[in-house]
2 protein chains.
Amino acid sequence: MPTQFQNRRRALAVEMRRAEVDGLLAATPANWFYLTGFTGEAGAVLATSRKATLVTDGRFTAQAREETTGISIVQQKESLFQRVGELARSSGLRRVGFDPDIVTVAQRKSLQRGSGPKCRWISMGGLVEALRSRKDGAELALMRKAAILVGEVLESVIPMLKPGVREMEVAAEIEYRMRKHGASGPAFESIVAFGARSALPHARPTSKRLKKNELVVLDVGVILCHYCSDMTRTVYFGRAPERVRTWYKAVQEAQSAAIHSVKAGVTCGEVDAAARQVLASYKLGNLFVHSTGHGLGLEVHENPRVARDQKQVLEPGNVITIEPGVYLGGFGGIRIEDDVAVHSDRREVLTRTPRNLIEL
Amino acid sequence: MPTQFQNRRRALAVEMRRAEVDGLLAATPANWFYLTGFTGEAGAVLATSRKATLVTDGRFTAQAREETTGISIVQQKESLFQRVGELARSSGLRRVGFDPDIVTVAQRKSLQRGSGPKCRWISMGGLVEALRSRKDGAELALMRKAAILVGEVLESVIPMLKPGVREMEVAAEIEYRMRKHGASGPAFESIVAFGARSALPHARPTSKRLKKNELVVLDVGVILCHYCSDMTRTVYFGRAPERVRTWYKAVQEAQSAAIHSVKAGVTCGEVDAAARQVLASYKLGNLFVHSTGHGLGLEVHENPRVARDQKQVLEPGNVITIEPGVYLGGFGGIRIEDDVAVHSDRREVLTRTPRNLIEL
């Protein structure tokens, strides 16, 4: 029986024929894992319609042999990309796709040096990414678990929010509990932001201590069996003043509107607009300084992007975050984020945690 | 008084004149932090002899204003690199350096599209990296603390090594204690590898449980105030058999020889050879499958590389790891790693933890 990885390589071969290339370079950890199961940190996969070759270095060859089946493994010390080029030449490839958003100027040169002039390297983003964006049942099952796990961890640390606790302590506890519950780690540096720091959408945990009457933004995700989750909840440490309540209500309505707009066949721009319109109706549009969401899977940011005017159409198997927020410099921020899967006939909110404003 | 960041930008201006460019693009988080103090995850800095401009997106502009002084901050939604190109044009720059190992093919195109044809983008790696490789006293003081901190954490978890404990549990505990002791996090995914898994130099922690008579490799590092440490110790869970003792002795002698060869003016290749020769004398040369070490600082892998035939000469202020190892597939691995700073008149081993074989 073919492994899931062999199935994916077959699906890629179909995409390669469609794109009129006889080879494709996969040069990111997520892409080579998706195609081969290799979890090493350095390498490149050259896929053709008939076979896949992983080029990696001595630190990872034993691991690669253990993790993969049905592919060739080549150990290379110096220029990995030149070796990939040489493989393209020895395989007689004439047109090989590479992702110009991934491959550096130096790597591009090495590829050509290795392959010689008869092989054309064609800029083409996203063949593997497009496959990855349509999760199958097994992937969705893992993502469901990853979303639930992080929700449980987030809820479990709420009682830690006491006067004097530091952002870093809460972040450390969150990441510890993630691992204790089976995650291989956080999907990104956990955001724990108190008071005015919560106005920074990507705040890093500091030694700031929690004080009464501060907003708390918790934006956290886990990696569970390679798949990411991502969620945000906002807490008010005290009894929330009227302005915070109104803003929270606006963000919650915006998030709800965006979630309800998620449907196979709808463009990502329409989902983004659904959130944006609600915030505009509250005159908060200018305080929503980022996109509504992003795809989620082996990477915490992947296709599709859920941003203004994005024409990409949602497909069954897509998993996206929906995370509108408002931010007032010097005061604080409010964001609510859930993970949502697109099915052919429905949407599924993977995050199970309640979304109401928590007042402590 | 100029900040350390302003001093660094001045030092860079000198390097730029020497390299005959009137602008330089810094496009990695470590490089833009080094030059400006900005800790955001997306951006690019265009430095000229007179000023520096940070281009970033809406998620990070408030944070950038808070973290930096004396630079311009430009908020950009879509093509960040095209905007950098436009800035180069509006500043009248004619020759701007960029790192071909960092800048992607697509970014290179955007730079040119923005700058127009009158600006030449010159491939030149490593101007900022070269400055970064020569740490000043304040940086060395932080790296000393980072090295000591991780050593204390590593020693503190040794009692956890009991039959049945999982690699992941030990890794989680290590990273939790790092944070509890003030680290902002691990410098890389902590390696906790039991038994045959220790033969994988970059093993990821799994749910494997510890059994009697297994090797344990612990390779861990912290980030403390932005600076990384990196160390490895090997434990034998039981009474080590003769082969393990001999191999351990060989690795320890190789490490010691390499450390003693560290000196301003020596090439990195000579340091690598010092370790390699000892292992060859034990007929273990072919089991040492990676380089002897790497530079360490804001990033866990930076200049200089301590590898075979490297001609780069060690300079005062360099901090490198020394980490020879031997690996036998199916059986296990042994590695010992310390961080070493190069001074004008001496070497300083930053890692304070004993290096003897620990038998439990």
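Entry 1: I am working on a predicted model, where local features need pLDDT of at least 70, side-chain atom pairs count only at pLDDT 80 or more, and totals for chains, interfaces and linings use all residues. Residues are numbered from 1 along each chain as its sequence is written, and chains are lettered from A and ligands numbered from 1 in the order in which they are written.

**Entry 2: the interface.** I looked up the contacts between the chains (C-beta atoms, placed from the backbone, within 7 Å). On chain B, 33 residues are in contact with 33 residues of chain A. α8(B) gives the most to this side of chain B, with 6 residues. By class, the side has 14 nonpolar, 10 polar and 9 charged residues. I noted that 100% of the interface residues of chain B are also interface residues in chain A, so the copies meet through the same surface.

**Entry 3: helix α2 of chain B.** Helices are DSSP runs of H or I with at least four residues, strands are runs of E with at least two, and both are numbered from the N terminus. Is α2(B), residues 29-36, mostly covered or uncovered? It is mostly covered, with 6 of its 8 residues buried. Buried means that 20 or more other C-beta atoms, placed from the backbone, lie within 10 Å of the residue's own. Among the buried ones are W32(B), F33(B) and L35(B). The buried residues pack against α1, β1, β2, β3 and α6 of chain B. Leaving aside neighbours within four places in sequence, L35(B) touches residues including F5(B), L12(B), V45(B) and V128(B). After the helix comes G37(B), with a positive phi near 90°.

**Entry 4: the sheet of chain B.** I traced an open sheet of 6 strands in the order β4-β3-β2-β1-β5-β6, with mixed pairing. The edge strands are β4 and β6, each pairing on one side only. Two strands pair if DSSP finds at least two bridges between them. β3(B) and β4(B) run parallel and are joined by 4 bridges. Across that pair, T56(B) stands opposite Q75(B).

Key: Two residues are in contact if their C-beta atoms, placed from the backbone, lie within 7 Å. Ala, Val, Leu, Ile, Met, Phe, Trp, Tyr, Cys and Pro count as nonpolar, Asp, Glu, Lys and Arg as charged, and the others, Gly among them, as polar. A residue is buried if 20 or more other C-beta atoms lie within 10 Å of its own, exposed if 12 or fewer, and partly exposed in between; C-beta atoms are placed from the backbone.
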